[in-house]
Amino acid sequence: MNSRTSERPVEIVMIEDDDGHARLIEKNIRRAGVNNPITPFKNGTDGINYLFGADGSGLTSKGKPLLVLLDLNLPDMTGVEILGRIKSNEHMKRVPVVVLTTTDDALEIQRCYDLGCNVYITKPVNYENFANAIRQLGLFFSVIQVPSPE
């Protein structure tokens with residue numbers, strides 16, 4: 001997965017607190033042939049600090065082709081807060097955000113799309129269905145284009 005005009009590989013920033021889900025996500029993305037770097041974070045604070053930098057401006061991510069894979073249920077903050085920060089930041093608003101969560105509440109789904117999420121996927125409870133969904137996500141990642149960094 002590359003950005004449209006840059007040959008730099010897109011970095012996948014995965015914010016997922018469940019170690020088992022994180023391993024399963026990475027394994028099945030790799031199985032789908034996606035070899036982009038994946039930078040994992042187990043909580044929202046570390047993910048925010050990485051994306052927005054020490055000064056919180058987001059300048060640290062300017063020029064990086066990124067895709068954020070975001071869980072909504074995190075121990076220290078909600079993924080909705082992170083999504084809102086990303087989409088309201090002038091340097092990060094075009095970064096694609098894929099919400100991957102157990103929450104299937106219709107209002108929450110609507111809220112995420114209203115904030116600007118690009119894809120919302122509900123994690124299936126059954127292991128095989130979850131693994132299959134992630135494999136399909138990996139195939140999706142192998143064909144999508146992300147915006148060029150500014």
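**Strand pairing around β4**

Strand β3 (residues 66-70) pairs with β4 in the parallel sense over three bridges, where strands are DSSP E runs of at least two residues and helices H or I runs of at least four, numbered from the N terminus, and where pairing requires at least two DSSP bridges. This is a predicted model, in which local features need pLDDT of at least 70 and side-chain atom pairs count only at pLDDT 80 or more, while totals for chains, interfaces and linings use all residues. Residues are numbered from 1 along each chain as its sequence is written, and side-chain values use heavy atoms, leaving out hydrogens and water.

**Strand β4 and its partners**
- β4 runs parallel to strand β5 (residues 119-122), to which four bridges join it, and L100 stands opposite I121 in β5.
- Both faces of β4 are covered, with V97, V99 and T101 buried on one side and V98 and L100 buried on the other; buried means under 20% relative accessible area (1.4 Å probe, protein chains only).

**The whole sheet**
- The open sheet has five strands in the order β2-β1-β3-β4-β5, with parallel pairing.
- Its edge strands are β2 (38-41) and β5, each of which pairs on one side only.
- Strand β1 (residues 11-15) and β2 pair in the parallel sense over four bridges, and I15 stands opposite F41 in β2.

Definitions and conventions. Buried < 20%, exposed > 50% of the residue type's maximum accessible area, 1.4 Å probe, protein only.
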